[in-house]
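This briefing is for a reader who is new to the structure shown below.

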Amino acid sequence: MSRVNWRLSVKQKPRTIPAIEPNAGTRKALEKRLKSLSRRLINEAALEILGELIDRGVLANDAALSKAEIAKTLREQRKLLPSALAALSAQHMSVDMAERIARLLVKAGVEAKKISEWFVRTCALEVSARQQSALHDAGISTEFLREKYSVPIIRRRYLTPHAAKAIPKKIEEFTGLITKMAAGDLERVQSVIASGLSEGMSYRELESTLAASQGFSAARAARVALDQSVKVSQAIQRENAKALGITEAIWVHVPGQYSSRPTHIAMNGKRFELSAGLWDEDVGIMVVPGQLPYCRCSLRTVLPPELLK
């Protein structure tokens, strides 16, 4: 075989752009907002319970405190809880708090949508800007990129129509997830208090259980912030790539904090169709990076030769 033919027989390495990771600062800001929402809901649930006790006259002769005075600090609430909770049965608590919990959940849904809109839009703009910069550095013309990134979002920052169309669904999905988390927080508070009343739980035991509940919520907020950062980032990258006529990518395995999926380790470096993904035998479906829960994998989009001319 001649030297020329030998060179032609060697499969050329695909031209790609680097994998783009989510912005760590935005992820931390999301985690902080999720924790804040959880903490506020738990505290407001406690205030609602104390407010109901005051309305029932349970606290009428207990230092003659008003609702406004009770609301000053969480420490003041806790001072009142032992005698207040002992005076109310678990049955009354579960029935009378239903409407109050429902109102808190509606309020949480409103807050969840605000957080979701901020996060999804921010993440989409950040990853799109970095993706556009990487495509330009790879040799794709500025004119072509301006033509494709044509949907204005804020302050002369643009997305492709594909990515812009995907945003509302991502906001809706994340809003539902945050609302579900909030419902879990409220249910735990109600359950802890109701159980404490019916089982004769001491104040210290009740306080300890509520504190553990808040700790669980904080840890969950961190996991959700990481998971959603990857999911939204990967989804926006795929949609932007499709708008440019890019159809393939190379899987980049990113190890988890404690463990990695063996199937995703094996996928590292494999080429796949953006519209299809790769077969994951552990779950029995085709998947793309970031699709499965807590998957941190990324991708490198493969640039078609015609885009580089």
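Leaving out residues up to four places away in sequence, S233 touches I20, P22, C123 and V127, where contact means heavy atoms within 4.5 Å. The model is predicted: local features need pLDDT of at least 70 and side-chain atom pairs count only at pLDDT 80 or more, while totals for chains, interfaces and linings use all residues. Residues are numbered from 1 along each chain as its sequence is written, and side-chain values use heavy atoms, with hydrogens and water left out.

**Residues of helix α9**

- S233 lies in helix α9; helices (H or I, at least four residues) and strands (E, at least two) are DSSP runs, numbered from the N terminus.
- S233 has a relative accessible area of 1% and is therefore buried; buried means under 20% relative accessible area, exposed over 50% and partly exposed in between, with a 1.4 Å probe and protein chains only.
- Q237 is also in helix α9, and its relative accessibility is 2%, so Q237 counts as buried.
- Apart from residues up to four places away in sequence, Q237 touches I20, V127, Q131 and L299.
- I236 is in contact with A124, V127, S128, Q131, A163 and I167, leaving aside its neighbours within four places in sequence.

**Nonpolar cores**

- In soluble globular proteins, nonpolar side chains tend to be buried together.
- A nonpolar core is a set of buried Ala, Val, Leu, Ile, Met, Phe, Trp, Tyr and Cys residues joined through side-chain atoms within 4.5 Å.
- The largest nonpolar core has 33 residues, and L30, L34, F119, I167, I178 and I236 touch the most other members.
- At least two residues of this core come from each of α2, α6 (98-138), α8 and α9 (203-243).
- Helix α6 gives the largest share of this core, 11 residues.
- A second, separate core has 25 residues, including A138, F144, L244 and L278.

**Cavities**

- Four cavities of 30 Å³ or more are present in the structure.
- On a 1 Å grid over the protein atoms alone, a cavity is a set of points where a 1.4 Å probe fits but cannot get out; a pocket is an open set with protein on both sides within 12 Å along at least five of seven lines; lining residues have an atom within 4 Å of a point.
- The volume of the second largest cavity is about 50 Å³; grid points are joined across faces, edges and corners, and a volume is the space filled by probe spheres set on the points.
- The second largest cavity is lined by L34, L37, S38, L41, I178, M181, A182 and D185.
- α2 (24-55) and α8 (161-199) each supply at least two residues of that cavity's lining.
- Six nonpolar, one polar and one charged residues make up the lining of the second largest cavity; Ala, Val, Leu, Ile, Met, Phe, Trp, Tyr, Cys and Pro count as nonpolar, Asp, Glu, Lys and Arg as charged, and the others, Gly among them, as polar.

**The second largest pocket**

- The second largest pocket holds about 360 Å³ of space.
- Its lining has 17 residues, of which K170, E173, K231, A235 and R238 lie nearest the centre of the pocket.
- Helices α8 and α9 are the elements that give two or more residues to this lining.
- α9 supplies the largest share of the lining, seven residues.
- By class, the lining of the second largest pocket has seven nonpolar, four polar and six charged residues.

**Exposed and partly exposed residues**

- E172 is in helix α8, and with a relative accessibility of 60%, E172 counts as exposed.
- E172 and A112 are 60 residues apart along the chain, and their C-alpha atoms are separated by 9.7 Å.
- Y294 is in the loop between β6 (285-287) and β7 (298-302).
- At 44% relative accessibility, Y294 counts as partly exposed.
- Phi of Y294 is near 60°, which is a positive value in a residue other than glycine.

**The chain as a whole**

- The protein chain has 10 helices and seven strands.
- Of its 309 residues, 42% count as buried.
- Among contacts between residues at least 6 apart in sequence, 75% join residues at least 24 apart.
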